[in-house]
Every structure is written in structure tokens, then in C-alpha cells.
Amino acid sequence: MDMSPNPDSPSSGGGKGGGGGIGSSGGGSSSPSVGTATPQSPSRYEAQKRRDWNTFGQYLRNHRPPLSLAQCSGAHVLEFLRYLDQFGKTKVHAAACPFFGHPNPPAPCPCPLRQAWGSLDALVGRLRAAFEENGGRPESNPFAARAVRLYLREVREHQARARGVSYEKKKRKKPQQLQGGDGSSAGLHGHGHGHQPPPPPPAGAAC
């Protein structure tokens, strides 16, 4: 099966500087938009996924010895993720650092920069999808290997302790206000009763 990276996509990143697939805005990737948007135009996600796929393919070609995608395993994916750490921009404090566990350290420290867990997690998701889109079988997908999942979990827990941040997902509250036809708010709680007439005055009351 043909599982080689797409050669038609320009990849500006080289072997050393090509780790910009993570969190990089990438040079000019998408074609200029025309007056009417076409459904087939690649989204930002698809463009980023193609850049990441090309970066991983270039990493395999530069590997010593070079690797084909069919030879790639979860261990090689871990090598790739660790290789990308040299391009990271997230300060991860060592246990001996006085700022260990502080989300906003008051002074600089010599602790290394790493790829943030969220960037690595999103990258693996894109590459997992790209692997199958390029002919790979789901049961042999190296990006879905158990070792990769355990590594990501370990990175998340370590960075959470070192940086003093929590990666718990926060639920966003969606506004329930509905706009009526005249632009006024109609029913904040979703009731479609409109304005009700006032109750009649009690019997015997003066008009």
C-alpha cells in the first residue's frame, strides 16, 4: 500500500527546523479565498494535519537508519515526540527548582522548554487520522499504540505538577437567551408563552 507522505504539499520545515508542525501558523498554506466559499477548500485543521504528516515523513527519512512508514512503531512515535521537545516553548520546572508547581514564577530559571501536553495530544490525534487517510490500517496505527497513550498521560501529569496547572476540562455555559422577531428577548428559559394579559380585577373593585 502507498503510505508515503503527500509530496504535493509544500513543507517549509526542514529536519531540524521542521518541528513547527506544532502550534505554528505555517507560512502560506491555503490558497486565496474567492468570492464564494467552496466546501472542498481545506480547513485550518486539514492544512495543519497535512503539514504535520509531511513533518513526520521527513523525520522518518532523516532517521538513522531511514525508516519507512510500514516499519514505524509506537516506539518511533515516542522518539518523534521527544525530538519535538527541542522546539517547545513551554517552561517545565524540574523538581529541584524553587518554582516547581508555580504557574506564574516571579523570576526566570534554567529549567528546559518543552512541548506543551495539549500540543502533543492534538498532534497525535491529527497524525493518527492522517495515517489511516494515507492507507494505513487502524489495527497497525502506531499513533494509537498503548505506549503513546501512556506517554501522553505521563506528560500531562508531570506538566500539571511542574507548572501548577490543571488540565481538567471546563464546561462552557451556553447562553439560553432567544431573540424574538422584533429583536427583543423572548423567554430566557425557552418557554414560548409570550406576554400574558394581566389578571382581571376582583369583583366589586372600583374601576
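**Loop, core and helix packing in a predicted model**

Pro-65 sits in the loop between α1 (44-62) and α2. Helices (H or I, at least four residues) and strands (E, at least two) are DSSP runs, numbered from the N terminus. The peptide bond from Arg-64 to Pro-65 is cis, with omega near -5°. Most peptide bonds are trans.

The model is predicted: local features need pLDDT of at least 70, side-chain atom pairs count only at pLDDT 80 or more, and totals for chains, interfaces and linings use all residues. Residues are numbered from 1 along each chain as its sequence is written, and side-chain values use heavy atoms, with hydrogens and water left out.

Confidence is expressed as pLDDT (the predictor's confidence in each residue, from 0 to 100). The protein chain averages 75, and 60% of the residues score at least 70. Among its elements, helix α3 (residues 117-133) has the highest mean pLDDT, 96. Strand β1 (residues 90-91) has the lowest, 91. Over residues 1-21 the pLDDT is below 50; this stretch has 41 contacts in the model beyond near neighbours in sequence. Contact means heavy atoms within 4.5 Å. Residues 23-33 also have pLDDT below 50, with six contacts beyond near neighbours in sequence. Where pLDDT is low, the predicted coordinates should not be read in detail.

The largest nonpolar core has 25 residues. Such a core is a set of buried Ala, Val, Leu, Ile, Met, Phe, Trp, Tyr and Cys residues joined through side-chain atoms within 4.5 Å. Buried means under 20% relative accessible area (1.4 Å probe, protein chains only). Trp-53, Phe-56, Leu-69, Phe-80, Leu-81, Leu-127 and Phe-143 have the most contacts inside the core. Helices α1, α2, α3 and α4 each give two or more residues. The most come from α3, with seven.

Gly-57 belongs to helix α1. Its relative accessibility is 6%, so Gly-57 counts as buried. Gly-57 and Leu-69 are 12 residues apart in sequence, with a C-alpha to C-alpha distance of 7.8 Å.

The axes of α2 (residues 74-84) and α4 (residues 146-163) come within 8 Å and cross at roughly 30°. Helix α2 is therefore roughly parallel to α4, a label for angles under 35 degrees. Axes are lines fitted to C-alpha atoms over the stretch in contact, and angles run from 0 to 180 degrees between N-to-C directions. From α2, Gly-74, Val-77, Leu-78, Leu-81 and Arg-82 meet Ala-147, Val-148 and Tyr-151 of α4. These contact residues divide into six nonpolar, one polar and one charged.

How values were computed. Parallel < 35°, antiparallel > 145°, perpendicular 65-115°, else oblique. Nonpolar A, V, L, I, M, F, W, Y, C, P; charged D, E, K, R; others polar. Buried < 20%, exposed > 50% of the residue type's maximum accessible area, 1.4 Å probe, protein only.
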